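Trainee: Hi! Could you walk me through the side-chain contacts in this one?
Mentor: Happy to. Let's bring it up first.
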Amino acid sequence: MLGEEGENQQPQIIFGNRWRHLLGEMDFWEHVGGIDVALAPSSFGQANTRAFDSLLRKLQKYVPNGTAVADLYAGAGVIGLSLAATRKCRSVKCIEINKEAKLSFEKTVGRLPKSINSTISWHHADTSIEPLSWLVGSDVVVVDPPRKGLDPSLLDALRTISLAEKRAMSTERSFSKVKNEKRPWILRAKEASVQIESKTSPEEGQSLPKTLIYISCGWESFKEDCKSLLSCKEWHLDKAHGFNFFPGTQSIEVLAVFKRGPGVGLKKKKSGKRKKKPL
């Protein structure tokens, strides 16, 4: 495949907006995380597939069977679809700002096992705009942001997630299912979405995620995001793993699992009276 630059192409863009097929198969396929994944020329893919597969296998252990997952910065949906196939998720929402990833998502879905019974969707949307609208109804949220880290609006939403959940529960208004929806960014995301309904079609609740799984390729930005999440007392760091995606370099890929609440280690110790030693 060759990428052709457009006339008004911005200099920081790596690829052009048009592609020509010269030779070979139209799609590139690889097997990671228990599924076959299609990658278009403009799709992002990990160079070290062996290390990426190890990360996905570890990640899967932290997602209970039957949960609802929101996959943000999803790309072609590799992480979300891998969870749908291996953890029997009742629903998986993939949200991605790059519209070119939609075709790869659709082709990957076509190769998923027929036994999967999940509601799976891909949405072309910017998660920095009203991020809570994508989190509602999910038990687990997976974020795999670019090197700069989480968008400030998403980070703020995660820092105040308990307050948002109380408001959602106490009012009849739904963040995700509003009658006569008029917000343009939500409407555009629905128009550009891909939806695969499950056989059982479970109803989406109003709860917000209790588990946050953060995959980071930028150590400095991850440290800042982690510090921000922990300082608000909404989340505690439960597990963390490092993966060497680029041997011989100082780069490290981080898989971190955050849980809602202060955590066991931060609970106050029980106070008790000391027994006096006999003289």
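Mentor: One definition to start: a charge sits over a ring if NZ of Lys or CZ of Arg is within 6 Å of the ring centre and within 35 degrees of the ring normal. Keep in mind that this is a predicted model.
Trainee: Okay, so where does the charged end of Arg111 sit?
Mentor: Over the ring of Trp29, 3.6 Å from the ring's centre.
Trainee: And how many aromatic pairs are there?
Mentor: The count comes to 4. Take Phe52 and Phe245: their ring centres are 6.5 Å apart and their planes are at 75°, so this pair is edge-to-face.
Trainee: Which parts of the chain does that pair link?
Mentor: Distant ones: Phe52 is in helix H1, while Phe245 is in the loop between strands E11 and E12, 193 residues apart.
Trainee: Are those two buried or exposed?
Mentor: Both Phe52 and Phe245 are buried. Elsewhere, ring pairs link Tyr214, Trp219 and Phe222 into a cluster.
Trainee: Switching topic, how many salt bridges does a search of the whole structure find?
Mentor: It finds 7. In one of them, Glu165 meets Lys210, with the closest N and O atoms 3.3 Å apart. Glu165 lies in helix H6 and Lys210 in the loop between strands E9 and E10, so the bridge ties together parts 45 residues apart in sequence.
Trainee: What about Lys148?
Mentor: Its side chain meets Asp151 in a salt bridge, at 4.0 Å from N to O. Lys148 is exposed at 62%, whereas Asp151 is buried at 15%.

Key
Residues numbered from 1 in each chain as written. Predicted model: local features only at pLDDT ≥ 70, side-chain atom pairs only at ≥ 80, totals over all residues. Heavy atoms only, no water. Phe/Tyr/Trp six-rings, centres within 6.5 Å; stacked < 30°, edge-to-face > 60°. Helix = DSSP H or I, 4+ residues; strand = E, 2+ residues; numbered from the N terminus. Buried < 20%, exposed > 50% of the residue type's maximum accessible area, 1.4 Å probe, protein only.
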